[in-house]
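I opened this structure for the first time and kept a notebook while I looked things up. The entries below are in the order in which I wrote them.

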Amino acid sequence: MSSSADVSGEASKWLDAHYDPVANLYTFTSCVDLADLGGDGENKLVIGDLGDGSCGMKLKVYRGTALVSESTLLDLPTGLVSFLMDLHEPRIPAVAVASGPFIYVYKNLRPYFKFTLPGLEVNALEQDVWRQAREGQIDPLALKELLEGVRDTADVPLSARSLRYLALEREDMQEFVSLHKAQPVRRQTVITCIGTLRKSTADEDGVSCLVIGAESSDVYILDPEAFTILSKLSLPSAPTMMDVTGQFDVEFRITVACRNGNIYILRRESTKPKYCIELSSHPVGLVRVGKNVVVGCAEEQLQGFTQKGKKLWTASLPAPITTMAAMDLPTRGFQAVLVGLANCEVHLYREKNLVSVIKTPDVVTGLRFGRYGREDGALVMTTKGGGLAVKILKRTATFDERDGAPGPPPAQSVRLNVPKKTKLYVDQTLREREHAAAMHRAFQMDLSRVRLAAAKAYVKALEAGLTPVSARPSVPLKMNAVVQGLGPAFKLTLNVQNTAACRPILNLTVSFLYDVGLYSMRTPYFRIPLLVPGPVYPFETLVECTSDKGISDVIKVFVLHDGKTAPLLTAHINMPVSEGLALT
């Protein structure tokens, strides 16, 4: 994809409305939202500020370019959303801030409700160990040894208190035990991501439920009025990002990116994932555009998938992704994806086509496009250095949707206007009805011939040693052999490659089987070190022909795991006839 110089007219598409490099805002896209908090028709900018990471966390509200409200947060915010709780007039949305295991709900910019995630199961052995410490039956060192044993053997993980205790130095253990031994042991999960789901209608002013992703690999859907758990969905791994669409009472889909590098799609009728998207690298951004899902990967790629997990396209990026957000202009019917990059640029993609590039003075960490004030096409950006920038899309701006990548012309993908049932189709259908048995016998005969030809080719390849044959097709190994020399001494080189995507292979050995009356080998058995995916590793050995009869034989190669007898890979090497005399 070309640089920003190839995307013409960028300055004529966006207006620089505001830029404050010292706004002291440190946040991410998940903690930025636009909402009409005053009911006056003007959207405000709501930001969950991370502060310096240990203090200074605040909920800030901007109106235009001015800071109008500021509230202190007790912990680091992990997500922020605005939602309508009820049908009461005026229709003023509330703000939900996820922080640790809690959700703080603000209404009219005042604290309204605090929701706590349900606690997790506590290990019974861990509780017994802390009971003994409370009753003075064990000292701090014995307490540490017992907790380490519970951590290594038990199925239920330790609580945060026990994990902190195991990380302490010896001189700090007694004070920690005295301070916490009287308190009950609890194991609490934390919130990793948050979203909203319409309750019963798809209207913009409809009541919405809160959707929460937790570190315990669960997704909770909360009632917007009573804040009770309406549904609990399970995932194979902890969620990191989510996108929600649909209505809870009708049908909904929750697309979740998890810490194991996969993306799962949850539906209403099932408590477990319906579809799974396996990626080659970890996702760093997730945006839904229409019925498709756009995923930003750590390997500097943007990939598009259907809502059932089928891959549609891939676009390469010039720099790592820092953040992603959706751009939706309903008045123009325009939907695209905003991608913040580490090279101080924001790219706008419609499907795999780059349609706009925005230069920024600093790396963008937070993006939000929508209605700000009374302007529908506002783009709010927060930067790595704490700055705040606002751009407005011009009403006359147009985007060129041509694909800059080389390839066939767009007309090639246009389908021909072929009728559903042609005369040829009708004739073929009648022929199949009349000669069904004969056509089936002919098909079975052709299938048997294909299988026979494949078997003959397979046997021929085994006998001729043209290619290595894997004894286990699931093993990602590839090997070929090269024989060099005219004789009687030959140089035999084995090229071994690990073809797996990301998993190394350990503890392999190579063994040779040959006629000791014809050949002698310097290294008939050796070990293979760690095989990293991708590179080709050459291994060399010398073979000497000890016969003067001018004949040759086959040398067999076996690749095995240490201590195993079944080979993972085998190959037959046809040795050439020696041109020289055998050495005596």
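What follows are my notes on strands, sheets, turns, a cavity and the domains.

**Ground rules.** I am working with a predicted model, in which local features need pLDDT of at least 70 and side-chain atom pairs count only at pLDDT 80 or more, while totals for chains, interfaces and linings use all residues. Residues are numbered from 1 along each chain as its sequence is written, and side-chain values use heavy atoms, with hydrogens and water left out.

**Terms.** I take helices (H or I, at least four residues) and strands (E, at least two) as DSSP runs numbered from the N terminus, and I call two strands paired if DSSP finds at least two bridges between them. Buried stands for under 20% relative accessible area, exposed for over 50%, and partly exposed for what lies in between (1.4 Å probe, protein chains only).

**Strand 2.** I began with strand 2, residues 32-35, and found both of its faces covered. Val32 and Leu34 lie on one side, Asp33 and Ala35 lie on the other, and all are buried. Strand 2 runs antiparallel to strand 3 (residues 44-49), to which it is joined by four bridges, and Ala35 has Lys44 of strand 3 opposite.

**The sheet 6-7-8-9.** Next I looked up an open sheet of four strands in the order 6-7-8-9, where the pairing is antiparallel. Strand 6 (77-83) and strand 9 (110-116) each have a single partner strand, so at these edges one side is left without a neighbour in the sheet. On average, neighbouring strands here are turned by 20° against each other, direction ignored; the angle is taken between axes fitted as lines to C-alpha atoms (for helices over the stretch in contact), with a range from 0 to 180 degrees between N-to-C directions. Inside this sheet I followed strand 7 (residues 94-99) and strand 8 (residues 102-107), which are antiparallel and joined by five bridges; Val95 has Tyr106 of strand 8 as its bridge partner.

**The cavity.** How many cavities of 30 Å³ or more does a search of the whole structure find? The search finds one, and the volume of the largest cavity is about 30 Å³. On a 1 Å grid over the protein atoms alone, a cavity is a set of points where a 1.4 Å probe fits but cannot get out, and lining residues have an atom within 4 Å of a point; grid points are joined across faces, edges and corners, and the volume is the space filled by probe spheres set on the points. Val95 and Tyr106, which I had noted as bridge partners, are among the lining residues, together with Leu37, Pro93, Ala94, Asn108 and Leu109.

I then turned to strand 12 (218-222), of which five of its five residues are buried. Asp218, Tyr220 and Leu222 point one way, and Val219 and Ile221 point the other way. Strand 11 pairs with strand 12 in the antiparallel sense over four bridges, and Gly213 has Val219 opposite. These two strands make a hairpin with three residues between them, and Ser217 in the turn has a positive phi of about 65°. Is Ser217 buried or exposed? Ser217 is buried, at a relative accessible area of 16%. On to strand 13 (residues 229-234), which pairs with strand 12 in the antiparallel sense over five bridges, Leu222 having Ile229 as its bridge partner. Here the hairpin has six residues between the strands, and Phe227 in the turn shows a positive phi of about 55°.

**Glu300.** I also noted a positive phi of about 60° at Glu300, although this residue is not a glycine. Glu300 sits in the loop between strand 19 (292-297) and strand 20 (301-306) and is partly exposed, with a relative accessible area of 28%.

**Domains.** Last, I checked the domain assignment, whose bounds come from an automatic or database source. It gives domain 1 (124-180), domain 2 (433-463) and domain 3 (477-574), and the C-alpha centres of domain 1 and domain 2 are 69 Å apart.

Key. On a 1 Å grid over the protein atoms alone, a cavity is a set of points where a 1.4 Å probe fits but cannot get out, and a pocket is an open set with protein on both sides within 12 Å along at least five of seven lines; lining residues have an atom within 4 Å of a point.
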